[in-house]
Amino acid sequence: MARRPLPRILTESAPLARMAHSTSLTRSRELARTAAVSACDVLHPLITIGRGLRRLAAAGRGRWVDTPRENRGPLAFFVGACVLVVCLVPYGPLLALIAVMGAGAWAGRERTPVETGPVEAERERLQALYEALVPYFSVEGDPSPLYAHDGGWERVFTEHAFDDDGRIERLQLKYPAFFTDGEDQSRFRIEQVLYAKAGRGREYHFGWDELANQLTVTVLDALPADIGAQRFVTSPGETVLGFTDADAVQRTLPVTAGEETRDAPPVVWRTGPRSTEPHLLVLGQPGTGATTLLRSIALQALQHGDVLVIDGGGTGEYGALSGRRGVLGVESGLAGALATLEWASHETERRLIAANRARQAGRPAPEDTRRPLWILADRPTALAHVAVAEGRDDPQRWLQTPLRHGRAAHVTVVVADQFESAELLSEPVRAHTKARVVLGPATAEEVRAVLGAPPHTTPTASVPPGRGYVRLGSAPVLRLQVPATPDPLDEATGQALRQAVLSLLPERTVPADGAGADPAATDGGPGDGGASTDADTGRRVDMSKSGDTGVAGDAGDAGDAGDAHAAEPHREAVTVGGTAEAGGVTEAGATAPTGAAPDAGKAEPPAEPVGAAGVRVRTVKEGESRAVNGSVRALPTEG
């Protein structure tokens, strides 16, 4: 059926169509638009003031609504009083009107909108990071998944910040509640993905909020490595192991770095009878600062106590401590180490017995039992190899008593070794060193094996000396930077650091070459028997192993030593760590029977001072004396 055309009245020849396309109508529209623009230009100040007054009124109404009902009456009275004062002041209403108009103009001004949010490159980086996390945070059958292959990052990345180079500096993300955030392996996978996608070469801190199901990733700044050896502001029983992040501890110490003084957050290790982690274990790679840490601890310990040093590596790194006040010995050989550690074991037992008897008698513990004694053993496993080759005891055997009972006897043990020799550490060393330090580059598994918990940061590409992690007991794992404490006798040490270390060393009581002896270090004469005098404090220390000491198990050793030298009629003395013993003392305190007494008129020659070896045996034969370094047993006499 054919379609009929429309009537002519409805076609383009109609009057309405002609009116719509007329030139006069178009010109009228242009004139109206021009008039409106001109009116806006003329009335723009009034429009701005009106917009501002509307905003001020809305803000005032909101403030009135937020005001509690009991405070609205005083507020209305205050506003009315202000209006009354303005009305009474000359030209007050005019000035008030001008102020209101100015405030309205300022509040109604047009603000240029500030572009917020990431730029295109940053959005692409966030989207790539989101897609990388999808396989770990998504499961099949989730009705409303946070992470999906076709999803966007806007829902899960609640906070994000970028540095000037366009790399992620801070990121806070949400993860589903079914994710096993309590398992270390699950956390480790997510941390590795974020570390790879956010940019390698930097150190990130991962803060897991298990309650809110949120993970915060923060880029950490490098710990300051310009803090050197100095006198730290601490109380007795506190030792500064190094420095960490500002938000990790609630304490700061004033330190001097170069020419400036600032506050730095320290890692303070507390020792003594009330310490929960009285002993320390340090592990690391060669050249990572373990010896530096032990040297720093020794300089701090010499302020209030005595120090025994065992240098298992035999490199002479502790030569600057030899002959100093408070340093009882610096041993690098197997014989000297065995003698020194055996004496330390017996000294621990003596302190316990003396303190127990004093408490039973209602008296305070003797002063010499309350003076801290530090045993610093650097690489004791190196001496274990030598001991096995020579068929002698492992030096770590004598650390068992100080480790188990040292806390009550004010005896602290610090052991440092390398990862390659960690398996050779004895069971008491592993069991009783609750404070742990890992220095140098190490994987998360190695850090977890030593500290008992993985670190919350990622490893860096380059690790400076003295950089690592520390954990005191069950506390969180912290980053650590050991203060620079180099060997002052090393030619490569800078002059500033050398002077800093030398200024902390106590005065020398024995010449470095052993040519002379300090009167405080000499023995008390032939009648002293098994008692010796401390080179630092002048106190007498009973080192005998006879039956009156009350120590079980030592009488047999003393008897063996006595049988070996019962027929020798010569007096012998052993000096351990600057103390001299008369009366045939053998094996660092074992008393051997003596023969004929020397002539009454013959004076006993002075004891041999402690030199670099730390242990010297003086044998008197026919009025002549000779000194032998590095021996623990009495020398057999000739003939």
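This is a predicted model: local features need pLDDT of at least 70, side-chain atom pairs count only at pLDDT 80 or more; totals for chains, interfaces and linings use all residues.
**Notebook: pockets and cavities**

Started with the largest pocket: strand E9 (280-284), helix H8 (290-301) and strand E13 (411-418) each put at least two residues into its lining.

In total I count 37 lining residues, and Gly287, Gly289, Ala290, Thr291 and Thr292 are the ones nearest the centre of the largest pocket. Its volume comes out at about 690 Å³. I sorted the lining by class and got 15 nonpolar, 14 polar and 8 charged residues.

Next, the second largest pocket, which holds about 510 Å³ of space. It has 26 lining residues, with Phe188, Glu191, Ala444, Pro454 and Pro455 closest to its centre. Helix H7 (184-198), helix H14 (444-451) and E15 are the elements that each give two or more residues here. H7 has the largest share, 7 residues. By class, I noted 14 nonpolar, 6 polar and 6 charged residues in the lining of the second largest pocket.

How many cavities of 30 Å³ or more turn up in the whole structure? The search finds 7. I picked the second largest cavity, with a volume of about 90 Å³. Among the residues lining it are Glu203, Pro441, Val463, Arg467 and Tyr469. Strand E15 (residues 467-472) gives the most to this lining, with 3 residues.

Key: Residues are numbered from 1 along each chain as its sequence is written. Side-chain values use heavy atoms; hydrogens and water are left out. On a 1 Å grid over the protein atoms alone, a cavity is a set of points where a 1.4 Å probe fits but cannot get out, and a pocket is an open set with protein on both sides within 12 Å along at least five of seven lines; lining residues have an atom within 4 Å of a point. Grid points are joined across faces, edges and corners, and a volume is the space filled by probe spheres set on the points. Helices (H or I, at least four residues) and strands (E, at least two) are DSSP runs, numbered from the N terminus. Ala, Val, Leu, Ile, Met, Phe, Trp, Tyr, Cys and Pro count as nonpolar, Asp, Glu, Lys and Arg as charged, and the others, Gly among them, as polar.
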